[in-house]
Amino acid sequence: MSDEIDLQLYINAVLKRWWLVLLSVIIALVIAFLLGRMQPKTYVTDARLTVETPRYQWRFDPSIQNQTGVRRELQTRFMDIGNNEETADRAGEILSASWQSVPPAEELLDSVRVTTGDAGKVIVVATSDSPEKAAELTNAWAAGLIEIVQERFGPAADLASFQSEMASAREQVSQTEDIVLQVRGETGLFAAGESPDEREDFNIHQRQAALKNQRLAEYLNDLDSLRYLSSLLAASSSGEDISALPWELLSGPVLSERGIITPEITKTLVADPEALAALLGREEASLKATADQLAAEARAAQLQLAEDWRAYANALRPYNVARNTFFHLANKADEADVQARLDPGQLVLTQAAIAPETATATRQLAQYALAAVLGFIVGVLLALWLEFRGSARKSTEQRDQPAATA
């Protein structure tokens, strides 16, 4: 019962000073109105970009990869890029051409937010105290984001990668070509021209092998002639048969050069078959010894020539690989350049920001409602404080009055 009486006392105290509660509410509303008028106006605008993924993307191999399912992932990645300091710095560079002073990147980040929308949309929203600055900031932010996306994704990124690899491949071609030219100079292979299809006559081992083989062929031919005549001589039984033998075979280049046995000399020895056979045997042995030596020298020259060819092949192989790699990269770079011209990027501006005509409407009703509630609370507290203060004073006066009467 005492609680109900106390509650009634509170209500009566508030109703008794209702004007104080009303005055507090009015003062709070006036303060809220004045604060709202003192706040600077803010303008908000937005730009809309669309994620454009090519339906098919070509790579080194002729296979085709479907790209239609990556739009949502790209939206998220582009949004993350748009909300970092790199995009803020890029937007600041763009704004420096038209703004006298550009705020730092941290301050720009506080004024801009990038979100994702439906149908592959990326939305850039900027806030400023001027409608023109709001539009310029939004468009600069969108342009900076597009530039970064073009650098990191799509054909432009592929083209930059191919061009970088081409520079490395070009250097590799130059290095391997220098090695090939060095081996050409050392071996003499193809030293007569710039193309591998030129003559290789300038190789010393090639010429030595050719001369040795040619000389060996002459010795072997005359050696066969000696052996043939020796067999015929052994089968002859009379002088007439011996003189009828084909002694003109002894006019070969080696035998003629040596001059030890010739057709003329054999005519003087027809009467002495044994001496003639001995002479043929000695010449045959001498030619055989020389032919064996020439054959060994020819094999050595052939082995050295093979070593030259092996060295040249070892130098030419990496040169051909480097050159083919360079041409392959050049073709891919041309394809990427064409694709970059046809499809410049994966993020395209579809709606630029325009300067808003009116400032952003603040939540005035909410502010006034909050001010009214706070004013009401303050008014009630003041009314209760004054009521209890007056009651305490009366109680003190009533206790002091009997004492004074006595």
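Which residues of α8 are buried? I will come to that after a word on the model. This is a predicted model, in which local features need pLDDT of at least 70, side-chain atom pairs count only at pLDDT 80 or more, and totals for chains, interfaces and linings use all residues. Residues are numbered from 1 along each chain as its sequence is written, and side-chain values use heavy atoms, with hydrogens and water left out.

To the question, then. The buried residues of α8 are Ala209, Leu216, Tyr219, Asp222, Leu223, Ser225, Leu226, Leu229 and Leu233. Buried means under 20% relative accessible area, exposed means over 50%, and partly exposed is in between, with a 1.4 Å probe and protein chains only. Helix α8 covers residues 204–235, 32 residues in total, and its first and last C-alpha are 47 Å apart, close to the 46 Å expected at 1.5 Å a residue. That expected span is 1.5 Å times one less than the number of residues.

Now the overall picture. The protein has 13 helices and 6 strands. Helices (H or I, at least four residues) and strands (E, at least two) are DSSP runs, numbered from the N terminus. Of the 406 residues in the protein, 33% are buried. Contact means heavy atoms within 4.5 Å. Among contacts between residues at least 6 apart in sequence, 75% join residues at least 24 apart.

Next, the cores. A nonpolar core is a set of buried Ala, Val, Leu, Ile, Met, Phe, Trp, Tyr and Cys residues joined through side-chain atoms within 4.5 Å. The largest has 28 residues, and those with the most contacts inside it are Leu49, Phe78, Val122, Leu137, Trp141 and Leu347. Elements giving two or more residues to this core include β1 (43–51), α3 (71–82), β5 (121–128) and α6 (131–152). The largest share, 8 residues, comes from α6. Apart from this core lies another, of 21 residues, among them Leu216, Leu245, Leu276 and Leu294. Leu216, as we saw, is one of the buried residues of α8.

On to the strands. β4 and β5 run antiparallel and are joined by 5 bridges; two strands pair if DSSP finds at least two bridges between them. Threonine 115 has isoleucine 123 in β5 as its bridge partner. The two strands form a hairpin with 4 residues between them, and alanine 119 in the turn has a positive phi of about 60 degrees.

Last, helix α12, residues 273–342, where glutamate 283 is found. Is glutamate 283 buried or exposed? Glutamate 283 is buried, at a relative accessible area of 2%. Leaving out residues up to four places away in sequence, glutamate 283 touches Leu226, Leu255, Arg258, Ile260 and Ile261. Leu226 is also on the buried list for α8.

The C-alpha atoms of lysine 332 and aspartate 158 are separated by 9.0 Å, although the two residues are 174 apart along the chain.

Rings of Phe, Tyr and Trp (its six-membered ring) pair if their centres lie within 6.5 Å; planes under 30 degrees apart count as stacked, over 60 as edge-to-face and the rest as tilted. By this rule there are 2 aromatic pairs. Tryptophan 309 and tyrosine 312 have ring centres 6.2 Å apart and planes at 85 degrees, so this pair is edge-to-face. Being 3 residues apart in α12, they are separated by about one helical turn. Tryptophan 309 is partly exposed at 31%, whereas tyrosine 312 is buried at 3%.
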